[in-house]
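Please open the structure in your viewer, and keep the selection tool at hand. This tour moves from one selection to the next and says what is to be found at each stop.

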Amino acid sequence: MPSLKDLRNRIASVKATQKITKAMQMVAAAKLRRAQEAAEAARPYSERMGAVLANITQAIGDGGDAPALMTGTGKDDVHLLVVCTAERGLCGGFNSQIARLARDHIRKLLADGKQVKIICVGKKGFDILRRDYASLVLDRVDLREVKTLGFVNADAIAKKVINLFNEGGFDICTLFYSQFKSVISQIPTAQQIIPAGVPSAAATETTNGGNAVYEYEPEPGEILSDLIPRNISVQVFRALLENAAGEMGAKMSAMDNATRNAGDMINKLSITYNRQRQAQITKELIEIISGAEAL
Amino acid sequence: MAEAFQFELVSPERLLVSEQVEAVVIPGAEGEMTVMAHHAPVMTTIKPGVVTVKTAVGKEERYVVFGGFADIVPAGCTLLAESAVAVGDIDRADLARRIQEAKEDAADAKDDQARSKAEQFLSQLTTLEGAILPA
């Protein structure tokens, strides 16, 4: 049985922990708002990019001059997985969910006899994946120093991927990240970015105002070969932003839970503390009374 | 007064401009072009340069863009810039850094095609620097 002093110390320490988790929750809430705003601000660009891409693929048609980034190498022997996770922990199952999805994917690919390469974005995913697949990790991108996520960060990752593709490093590239649904729900997602699927033509109908004949400057093929790498950057950027928002959401709810648990623990400890104090008082009284009776 | 049309300038980070404008000057990859209402549908890549926007209320705004695309239809014009800032907000250090990077790219280029591309980009950047810095 812990003594009264021990109990008092424990209550004090749980209270201190509760203060910390509460503060972290509030910080996460503020950051979440910012991350959500950033994700929303980036949306118009990726939407328009999708529309333009659909339009131009339609213009090129099925002609064989589509760049390899779009059509792929025709093989699927070597897979590159870009696993985006958070830099910091303490956000519930956020990182492990993404890592688990990636790991399942890797296991399946390896079982099929494919070759797998991994690029980790974010420290946590790397920490988890290196346990089992350290030899497969090609590279890791550290975004720890980055205060506000910019397009340049995504662009750097995308360039790395594209360079690797041009050197024939892989055939298919899949991006792993967490889709931000709401504060309490983030869905780990795998998205294939190379070869890029051809977007549906339906999107074009609304944007070009009747099927007007476009003029292209320079040639459509040339625009496309410029556009696709950029589209990959945009996809990576979107994934990073969704991740950032998701991380903060997960952290917020994790810290909310932690704060509540700490509260419960304080209540329980206080009850034990009070009971023991009362028991001690009673014991002392009994001693006095029985001492008096003995006289 | 010319007829107004919808113009949007979007960078990956945010939507910079979305308003009714009279005319827009775009630094197209194959030469500058002025877009006005009812322009024939054109899609073009853009080079680093200055986009001049003449709004419907007669104000003139200038933005620096670093590459991207323009999607022009009779009803409006959408400019997808890789990076865009208002001329007043341009960060000289950032521009100098980009030029430095372009120089390195040109020096590192493996084949002639890549080198000429990098050098072209570099010259576009230096032209841009010359165009906006005295302003």
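## First stop: a buried alanine

Select A:Ala239, which counts as buried because it has 23 C-beta neighbours inside 10 Å, where 20 or more are needed for that label. Please keep in mind throughout that this is a predicted model. A:Ala239 is found in helix H7 of chain A, and, if its neighbours within four places in sequence are left aside, A:Ala239 is in contact with A:Cys84, A:Leu175 and A:Tyr177.

## Second stop: the nonpolar core

Next, select A:Val82, A:Val83, A:Cys84, A:Phe176, A:Val236 and B:Leu79, which touch the most other members of the largest nonpolar core, a set of 98 residues. Helix H7 of chain A, which covers residues 220-294, gives the most to this core, with 18 residues. In soluble globular proteins, nonpolar side chains tend to be buried together. Stay for a moment with A:Val236, which, apart from its neighbours within four places in sequence, is in contact with A:Ala154, A:Ile157, A:Ala158 and A:Leu175.

Which residues of H5(A) are buried? They are A:Phe151, A:Ala154, A:Asp155, A:Ile157, A:Ala158, A:Val161 and A:Phe165. If you look down the axis of H5(A), these buried residues fall within an arc of 165 degrees, so they line one face of the helix. An α-helix has 3.6 residues a turn, so residues three or four places apart point the same way. After H5(A) comes A:Gly168, whose phi is positive, near 80 degrees.

Now colour the strands of chain A, where an open sheet of five strands has the order S3-S2-S1-S4-S5, with mixed pairing. Strand S3 (137-141) and strand S5 (185-194) of chain A stand at the edges, and each has a single partner strand, so one side of each is left without a neighbour in the sheet. From one strand to the next, the twist averages 20 degrees.

Within this sheet, select strand S1 (residues 78-84) and strand S4 (residues 172-182) of chain A, which run parallel and are joined by five bridges; the bridge partner of A:His79 in S4(A) is A:Ile172. Then go on from S4(A) to S5(A), which run antiparallel and are joined by nine bridges. In S5(A), A:Pro188 is the bridge partner of A:Ser178, and a hairpin joins S4(A) to S5(A) through two residues.

## Last stop: chain B

Show both chains together, and look for the 24 residues of chain B that are in contact with 25 residues of chain A. On the side of chain B that touches chain A, the elements that give two or more residues are strand S2 (15-28), strand S4 (42-46), strand S7 (68-73) and strand S8 (76-81) of chain B. S4(B) gives the most to that side, with four residues.

Finally, select B:Arg97, which is found in helix H1 (residues 92-108) of chain B. Is B:Arg97 buried or exposed? B:Arg97 counts as exposed because it has 11 C-beta neighbours inside 10 Å, and the label applies at 12 or fewer. B:Arg97 and B:His38 are 39 Å apart in space, C-alpha to C-alpha, and 59 residues apart in sequence.

Definitions and conventions. Residues are numbered from 1 along each chain as its sequence is written. Chains are lettered from A and ligands numbered from 1 in the order in which they are written. This is a predicted model: local features need pLDDT of at least 70, side-chain atom pairs count only at pLDDT 80 or more; totals for chains, interfaces and linings use all residues. A nonpolar core is a set of buried Ala, Val, Leu, Ile, Met, Phe, Trp, Tyr and Cys residues joined through C-beta atoms within 7 Å. Two residues are in contact if their C-beta atoms, placed from the backbone, lie within 7 Å. The arc is that of the directions from the helix axis to the C-beta atoms. Two strands pair if DSSP finds at least two bridges between them. Axes are lines fitted to C-alpha atoms, for helices over the stretch in contact, and angles run from 0 to 180 degrees between N-to-C directions.
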